[in-house]
Amino acid sequence: MPVSSAELLTVRNLSVGYSRREDVLHDISLSINEGECVGILGHNGAGKTTLVRAIAGHIPPREGEIRLDGQSLRTVSSPKRVSRGIVLVPQGRALFAKMSIEENVKLGAYRKSGQQATAAWEEQVAELPWFADRRRELVGLLSGGQQQLVANARGIASQPKLLMVDEPSVGLSGLAVSELSQRLLRMRDGGQTTILVEQNLGLALAVCDRFLVLREGKLVGNYTKDELPMDGLWSLF
Amino acid sequence: MLTDILIQGIVVGAGWGLIAIAFGLITRVVGVFHIALGGLYGLGAYLYLGASRDFGLPMAIAWLAAVLISAIVGVLIDELVYQRITGLHGRRRQTSKLVAEAGPFVASLGVLIVLDSVVLLFYGATPVGGHRPEWGVLDILGARMSVWDLFKVAISLASVVALAWWLSSTKSGYAARALGESPEGASVVGINERSIRRILFAVTGAIAAVAGVMAMLSSPMVPGSGINVVLYAALMTLIFPNARIEAWWLASIMLGVLYTGAAVLYNSGMAEIVAQTVLLSTLVVVRIFVPQYQKARRTSAASKLALQAQKFSEAEVAK
């Protein structure tokens, strides 16, 4: 599906900090169009996770504004942002380990009706048929790669306008990363607007159309795939 | 005599079972050792007494009023005390680890003392209550059981069945389980933690009041009676931290039978010693042996998964 020119997410002059003394993000401004897959790159501690957590409403901004479809999210709580269509698949996945695959995926559609949750589950089974065979299996007993696929499925279950996936490849084998990459590509081709926070450049390059580079909490680069200087890529960080 | 002990034990355990499921549920979902439930147990009982004796309300209305007020107080304890201490209000998780972990427990003890003291202030330390409804007596296997006692067991059983159904079959029940599993996961799927906590603290406050009123109608009560019951519940939660709520309830019934047996054969003092000793020694034994068992199970599951992963990799390489 082609990228639309309609702006979905707008971030203006965003500053975020965990303590009163120091900001982690400084004056970040960016925009993301419908259907885009945007990779956020940067070293550890650059502020990538903080940025997506702030967009999801888990950390209140100190300054600046976040808008979805032109509407300010300043007073919108984190659970309500899920209803508005902003969903985060966090680093470490935060799955419900003692609940089944089916329960996890259906909880992804928690803000929807019961029928929509069932439809979301069936959609995910169509995408990953092994879900159906192992529907009652506890998520805590799955491998890391399988858990990441469940986490993605849980994220998509609410049919988000914007899906943010934070470091999905951490701790996964090459095979699992390959399977994950295929899944993310299918999502992108299906028109899912996605922000991918990733240190695995191979995965990010395979999936994303555009890249934002963060360094020490500042946005220092905004490149399309063609503009990205492949030779000196690491020097960007 | 054995049947008598069994029946009376079930009746006693049914009351304790209510507190056990309420206490266990709060511990499991919210992670707070809600000792103040003992205070709500006493508050509910004395509110009933005040409504029925001082205001002359019919039994059902007085009971309902006690339950409703206790539910509201339960929610207020969470909103005004626990949530403030753990930093759920305003900027989250800004509280130090020590305060976030120990704070609610210590505060809960404080709330228990406040609630018991308020009751003491109004009603004094003289035992009151014990006017059980005269609804007749049944003959069960040669033993006598009052209809009132049967009613108590039925209420307790209905409560545990309703709570188990809520947890396994409703959207908010799923959300409560999810919150207990992973607060971060609950947050990312859009579960409103404060709404779920409101439901939980209201329901458990109401359950504590139901248990308190049943206890007051069964035998005379003094302020501070809830501490023993909540201590039993706390020990059972520590012994079976991952159990289903039905298991906590059944354990309470067994404890009730044990207690009643000791009380009939010796006296109530001996019954307290037996009940507490059995719970404490079980806790010690379980803590010594169960972690090894769990570790063995985890190792076994991990080995199985590793074997599967190895076979899968080999198959991929072969391709």
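I began at Leu41(A), whose bridge partner in β9(A) is Val213(A). For the labels, I take helices (H or I, at least four residues) and strands (E, at least two) as DSSP runs, numbered from the N terminus.

This is a predicted model, in which local features need pLDDT of at least 70, side-chain atom pairs count only at pLDDT 80 or more, and totals for chains, interfaces and linings use all residues. Residues are numbered from 1 along each chain as its sequence is written, while chains are lettered from A and ligands numbered from 1 in the order in which they are written.

Entry: six-stranded sheet. I looked up the strands around that pair. β3 (residues 37–41) and β9 (residues 210–215) of chain A run parallel and are joined by four bridges. I count two strands as paired if DSSP finds at least two bridges between them. The sheet is open, with six strands in the order β6-β7-β8-β3-β9-β10 (chain A) and mixed pairing. β6 (86–89) and β10 (218–224) of chain A are at the edges with a single partner strand each, so one side of each has no neighbour in the sheet.

Entry: α1(A) lies across β3, β6, β7 (162–166), β8 (193–197) and β9 of chain A, at about 150° to β7(A). Helix α6 (residues 144–156) of chain A also packs on the sheet; α6 touches β6 and β7 of chain A, and its direction makes about 170° with that of β6(A). Contact here means C-beta atoms, placed from the backbone, within 7 Å. Axes are lines fitted to C-alpha atoms, for helices over the stretch in contact, with angles from 0 to 180 degrees between N-to-C directions.

Entry: four-stranded sheet. I found a second open sheet, antiparallel, in the order β2-β1-β4-β5 (chain A). Its edges are β2 (25–33) and β5 (71–72) of chain A, each with a single partner strand, so one side of each is left without a neighbour in the sheet. Six bridges pair β1 (residues 7–16) of chain A with β2(A) in the antiparallel sense. Thr10(A) is opposite Ser31(A) of β2(A). Helix α1 (residues 48–56) of chain A lies across β1, β2 and β4 (63–68) of chain A, at about 65° to β2(A).

Entry: chain contact. I list 19 residues from chain B and 23 residues from chain A in the contact. On the side of chain B that touches chain A, α6 (171–181), α7 (183–188) and α11 (268–318) of chain B give two or more residues. α6(B) has the largest share, five residues.

Terms used: Contact = placed C-beta atoms within 7 Å.
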